[in-house]
Amino acid sequence: MFRVQVLSRHLAPNARAGQGQRTGSVQPRGCSAPQPGSSEDGDAVVVVHGLRTAIGRAKRGSFKDTTPDELLSAVMQAVLNDVKLSPRDLGDICVGNVLQPGAGAIMARVAQFLSGIPESVPLYCVNRQCSSGLQAFINIAGGIRNGAYDIGLACGVESMSRRATGDLNSLGDVGSRMMDNEKARDCLIPMGITSENVAERFGISREKQDTFAAASQQKAAKAQSTGLFMAEITPVKTSILDEAGNEKTITVTRDDGIRASTTLAGLGKLRPAFKETGSTTAGNSSQVSDGAAAVLVAKRSKAVELGLPILGVLRSYAVVGVPPDIMGIGPAYAIPAALEKAGLTVDDIDVFEINEAFASQSLWHCIHVYRDRNGGCSRV
């Protein structure tokens, strides 16, 4: 959770970011109690702890043969064990999941029981597409704010190895009338084409996209090589089949998709992936992935009562709607809305962490939020 502490320390000035490997437990930090004369109050919603699995490459990576319930169970159990919290203390669990199998909650409920969390703890799933995990966090925070409970678990999980995306035959109960409505029809546009639309509409060149992608890979490689991700990743023991169909047991502790050898020159040689004359390639797009994460959220007074650590405080959130044909620009409009609700400006924020689905939409966030036409994004 080193990055979470860095991201949130301007909200909790007395917190100190921890470093290094996970020790198997999380100790209370200096910001666990409200400071005299501060605006912090016992009803505030705080982040207590969180972990993730490593991120596997779908179909070919470390978790290609691992079911989502096992991924989710690993992080659920690890988060509770780290802070030595009884699962019976949880008031609710919300799991963000886009590619929901069956009735949706079945897989997550299975993971709950595999984690040793009793049936008396309720659980449900939520789907807000790419921000489903964030929505799970906000839903748990909402339950705490309205007094339904004092502590809850927010999770997210996807297995893109197991569940296909973009299959028009799997739309389900959608009527033919959608084809008569432009916006409804735009909901069928593949994500790669929405990236192309963003690049074309806002004048984001292939060179800028490749430059951003190369810098992103270099930053990720540096963070991995220096061990900065180790504190937030819980090891997962699983089985994998090799090309000959032989099963072997492995323990996954590192992200699959980080390519330390990525160069701007190498990215420039890649062909467009979604449109013959386009600028979106496999190199300036995110991979399809398998993984899971869990965050423990609490009312500040409850966290203090239980002696739990506090990594950050929820000040604000915002959800906005954008045109479906350029769906990746959502954060560029949600960020200003959230800042306005919190009474903050862009200059008050030390670090932004934004989902880099495509370099095109990531660069538009820089332009729209910072008015940075060069796409430098020094604070992203």
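Biologist: Where does Leu99 lie?

Modeller: Leu99 is in the loop that runs between strand S3 (92-96) and helix H3 (105-114). Helices here are DSSP runs of H or I with at least four residues, strands are runs of E with at least two, and both are numbered from the N terminus. This is a predicted model, in which local features need pLDDT of at least 70, side-chain atom pairs count only at pLDDT 80 or more, and totals for chains, interfaces and linings use all residues. Residues are numbered from 1 along each chain as its sequence is written, and side-chain values use heavy atoms, with hydrogens and water left out.

Biologist: Is Leu99 buried or exposed?

Modeller: Leu99 is buried, at a relative accessible area of 16%. Buried means under 20% relative accessible area, exposed means over 50%, and partly exposed is in between, with a 1.4 Å probe and protein chains only.

Biologist: How far apart are Leu99 and Gln129 in space?

Modeller: Their C-alpha atoms are 8.8 Å apart, while 30 residues separate Leu99 and Gln129 in sequence.

Biologist: And Asn97, what does that residue touch?

Modeller: Not counting residues up to four places away in sequence, Asn97 touches Met107, Val126, Asn127, Ser132, Val157 and Glu158. Contact means heavy atoms within 4.5 Å. Asn97 also lies in the loop between S3 and H3, and Asn97 counts as buried at 2% relative accessibility.

Biologist: Changing topic, how many helices and strands are in the chain?

Modeller: The chain has 11 helices and 9 strands. Of its 380 residues, 47% are buried. Among contacts with a separation of 6 or more, 77% are between residues 24 or more positions apart.

Biologist: At what angle do H6 and H11 pack?

Modeller: Helix H6 (residues 191-202) and helix H11 (residues 359-370) pack at about 40°, and their axes are 8 Å apart. Axes are lines fitted to C-alpha atoms, for helices over the stretch in contact, and angles run from 0 to 180 degrees between N-to-C directions. H6 and H11 are therefore oblique to each other. Angles under 35 degrees count as roughly parallel, over 145 as roughly antiparallel, 65 to 115 as roughly perpendicular, and the rest as oblique.

Biologist: Which residues meet there?

Modeller: From H6, Ser195, Val198, Ala199 and Phe202 meet Ser360, Gln361 and Trp364 of H11. The residues of this contact between H6 and H11 comprise 4 nonpolar, 3 polar and no charged. Ala, Val, Leu, Ile, Met, Phe, Trp, Tyr, Cys and Pro count as nonpolar, Asp, Glu, Lys and Arg as charged, and the others, Gly among them, as polar.

Biologist: What about H10 against H11?

Modeller: The axes of helix H10 (residues 330-342) and H11 come within 8 Å and cross at roughly 30°. That makes H10 roughly parallel to H11. The contact of H10 with H11 divides into 6 nonpolar, 2 polar and no charged residues. Pro331, Ala332, Tyr333 and Ile335 in H10 meet Trp364, His365, His368 and Val369 in H11.

Biologist: And how do H7 and H11 pack?

Modeller: H7 and H11 pack at an angle of about 90°, with their axes 9 Å apart. H7 and H11 are therefore roughly perpendicular to each other. Lys208, Gln209 and Phe212 of H7 make the contact with Ala359, Ser360, Ser362 and Leu363 of H11.

Biologist: Where is Gln224 placed?

Modeller: Gln224 is in helix H7 (residues 206-225). Gln224 is buried, with a relative accessible area of 14%. Leaving aside neighbours within four places in sequence, Gln224 is in contact with Phe229, Arg254, Asp255 and Ile258.
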